[in-house]
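User: I would like to go through this model by question and answer. Please keep it brisk.

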Amino acid sequence: MKHRYTVFGLFISLLGVHLAAFALTADEQFLAARDAFRAGDKARLERLASTPPGYELEAYVDYWRLLLDLKDTDATTVAAFLARHENSYVGERLRVDWLRLQGKRQQWAAFDVEYPRLAQPDQDLACYALQSRRAQGDASALDDALPLWLTLIEPPEPCYPLLEALIVEKRVLADAVWARIRRQFEANKIAAAIYSMNYLPPSQTPDKKVAQMVADAPLPWLTRLPSDLAGSRMQRELAVLAIQRVARNDPRMAADQLSRISASLHAGEKAWAWGQIGWQAAQRHLPEAMEWYRQAGEAPLSDEVAQWKVRAALRVHDWGSVRATIEKMPPALAAQPAWVYWLGRAYRAGGRLDEANALFAKIAGQPDFYGNLANDELGRTTTTPPKASPPSREELLQVTAIPGVQRALAFFRLNLRTEGVKEWNWSLRGMSDRELLAASDVAQRAGMYDRAIAAADRTRTEHDYSLRYLAPFADQVRPAARNQVLDDAWVYGLMRQESRFVTSARSSVGASGLMQLMPATAKWVANKIGLKDFQQSRVNDTETNVLLGTTYMRLVLESLDNHPVLASAAYNAGPGRARRWRADRPMEGAIYAETIPFNETRDYVKKVMSNSVYYAALFDGKPQTIKSRLGVIAPRTGGEAKGEDLP
């Protein structure tokens with residue numbers, strides 16, 4: 001009898017679970033299934049797996065069920081799922097998971113079936129593919145792996161067998177190992193560099209504790225170094241690595257130490273060390289930077305070190321060095337719009353006008369900072385292209401019917417932005433201009449402004465810049481800009497770069513809302529303007545965020561010569577840094593922007609200023625020039641502390 005009641009109770013309990021699942025809406029059931037998957041609860045996931053027919057995200061539930069049992073799933077089941085979801089993002093995700101499993105198991109036959117169908121192979125899968133070719137006797141696999149030696153600074157696990165094969169088969173010798181270690185020190189990947197030391201010949205392999213000391217306490221290690229290093233390559237190489245580490249904090253001290261031991265170093269070692277010191281000095285805008293670069297002679301420079309040599313030369317108008325350095329860059333690097341533009345400027349400074357104009361013509365018309373600058377150099381204004389005809393009802397329906405678009409919209413409906421962005425971006429692949437414009441329109445109507453911009457940004461011949469440069473929240477933004485006496489094109493240009501108009505946006509460091517306000521900044525501004533009852537929870541409220549953000553923009557602008565380039569840099573990196581990055585003499589705004597030391601801030605300022613050009617063209621209906629906005633940056637003065645109270 002007791003047994004019967006136990007069985008009956010279990011039946012009632014299971015029935016209750018199923019009834020509870022049945023009572024959930026489709027979205028609630030999906031979210032519950034997602035929670036079960038993330039908890040690894042297979043039984044609960046199975047109970048929640050029967051989503052209503054036609055539910056947009058049903059494929060994800062099937063994917064999660066497969067993924068939890070993937071190690072025990074046969075290839076036929078995986079192939080069936082991939083066939084049902086071919087060319088979809090969820091299909092790509094399962095294919096990646098399956099390939100990683102087969103690569104780890106070295107099941108190359110199964111791996112080779114699916115790898116060619118992968119749309120976007122990650123580096124680990126590319127290395128598995130090379131491993132597969134080697135396992136099948138393809139002698140050229142190591143030829144294709146060789147470029148990874150210097151470019152793959154921090155390799156994923158599947159790439160190590162290839163790197164080690166290059167050593168074993170003597171495709172890479174000690175010189176190349178030290179070159180790799182130097183690159184890893186440049187990239188501050190110290191653990192990877194110390195691991196690479198295992199590939200050195202025994203006579204050149206440092207003790208791990210010594211290598212770690214060189215990385216962690218380079219100056220004390222250098223001061224104890226004997227004066228004569230000529231007989232030991234290991235000691236010489238460690239010495240220049242220590243010089244590099246010292247230079248990261250104090251280039252002048254590094255230069256002193258290098259001068260002290262210079263006579264013991266070989267020419268290539270010495271040249272690399274001077275290049276490293278020049279690089280670090282250039283990022284600090286030290287006047288000695290170009291002299292230290294010159295002491296590196298004709299030694300090859302890594303991409304990052306070469307780019308900073310150009311920037312150091314720009315700061316002092318050394319157009320000869322700008323030209324020579326860019327001309328020596330690898331073709332792919334030299335072809336980037338930044339270096340096409342600055343090489344054109346160097347040619348123009350040297351009187352080579354036809355060559356300069358030919359370079360400007362290559363990038364003129366591109367909707368970005370350097371395209372805008374090239375337009376100015378050729379005497380052209382920047383304006384918006386003719387507006388494409390709006391998408392028809394049929395075009396909108398066709399795009400909305402795309403399964404990936406439906407999944408993206410469903411994810412956004414559930415406030416799962418990360419998943420929605422991935423589905424949306426995947427769905428844009430291969431779209432025609434008309435489809436992209438329709439997708440942008442669909443996203444705008446759904447309030448997904450960042451996705452509307454992402455779609456409109458991709459058009460090639462038909463454009464709608466009112467979608468590419470959306471200006472939502474006009475009822476809040478335009479009056480706030482007027483109240484603060486700010487150029488609304490600049491305000492929108494900054495906001496577009498900060499948040500792409502996502503009101504709930506939150507950065508990794510805690511900045512929030514449309515204008516990405518840091519908590520301390522929001523509180524400081526609220527106190528400054530006497531905003532009563534301000535709570536941090538209000539920072540994502542559109543009106544509050546715009547009020548605080550535009551007020552801060554005006555305060556920063558006033559403290560920095562009313563110059564939007566300086567103020568843009570300050571908004572991203574702080575007013576104190578924006579001041580310190582000025583020079584001792586007037587400097588054109590484009591050079592100031594190019595020589596900002598922080599990669600993020602440098603890219604940010606260029607994009608904000610280019611954005612503002614297009615917003616002004618849309619708002620005013622008139623052609624624009626970016627140089628009129630970039631202007632000239634006044635030199636440093638004795639009053640550098642002005643405005644230091646700004647957060």
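User: Which side chain does Thr382 join in a polar contact of 3.0 Å?

Analyst: This is a predicted model, where local features need pLDDT of at least 70, side-chain atom pairs count only at pLDDT 80 or more, and totals for chains, interfaces and linings use all residues. Residues are numbered from 1 along each chain as its sequence is written, and side-chain values use heavy atoms, leaving out hydrogens and water. A polar contact is a pair of N or O atoms within 3.5 Å; within protein, one must be able to donate a hydrogen and the other to accept it, and residues adjacent in sequence count only if both atoms are side-chain atoms. At 3.0 Å, the partner of the Thr382 side chain is that of Asn375.

User: Where is Thr382 found?

Analyst: Helices are DSSP runs (H or I, at least four residues), numbered from the N terminus. Thr382 lies in the loop between α25 (369-377) and α26 (393-400).

User: Is Thr382 buried or exposed?

Analyst: Buried means under 20% relative accessible area, exposed over 50%, partly exposed in between (1.4 Å probe, protein chains only). Thr382 has 2% relative accessibility, so it counts as buried.

User: Which residues is Thr382 in contact with, leaving aside neighbours within four places in sequence?

Analyst: Contact means heavy atoms within 4.5 Å. By that cut-off, the residues touching Thr382 are Asn372, Asn375, Val613, Tyr614, Pro623 and Gln624.

User: Which residues does the disulfide join?

Analyst: A disulfide is a pair of cysteine sulfur atoms within 2.5 Å. The count comes to 1 by this rule. With S to S at 2.1 Å, the pair is Cys127 and Cys159.

User: How many residues apart are Cys127 and Cys159?

Analyst: The link of Cys127 and Cys159 is right-handed, with 95° about the S-S bond. Cys127 sits in helix α8 (residues 123-135), while Cys159 is in the loop between α10 (148-151) and α11 (160-168). The pair links distant parts of the chain, 32 residues apart.

User: What percentage of the residues of the protein chain count as buried?

Analyst: The protein chain has 647 residues. Its C-alpha atoms fill a box of roughly 95 × 70 × 50 Å along the principal axes. The buried part of the residues is 52%.

Technical notes
Helices (H or I, at least four residues) and strands (E, at least two) are DSSP runs, numbered from the N terminus.
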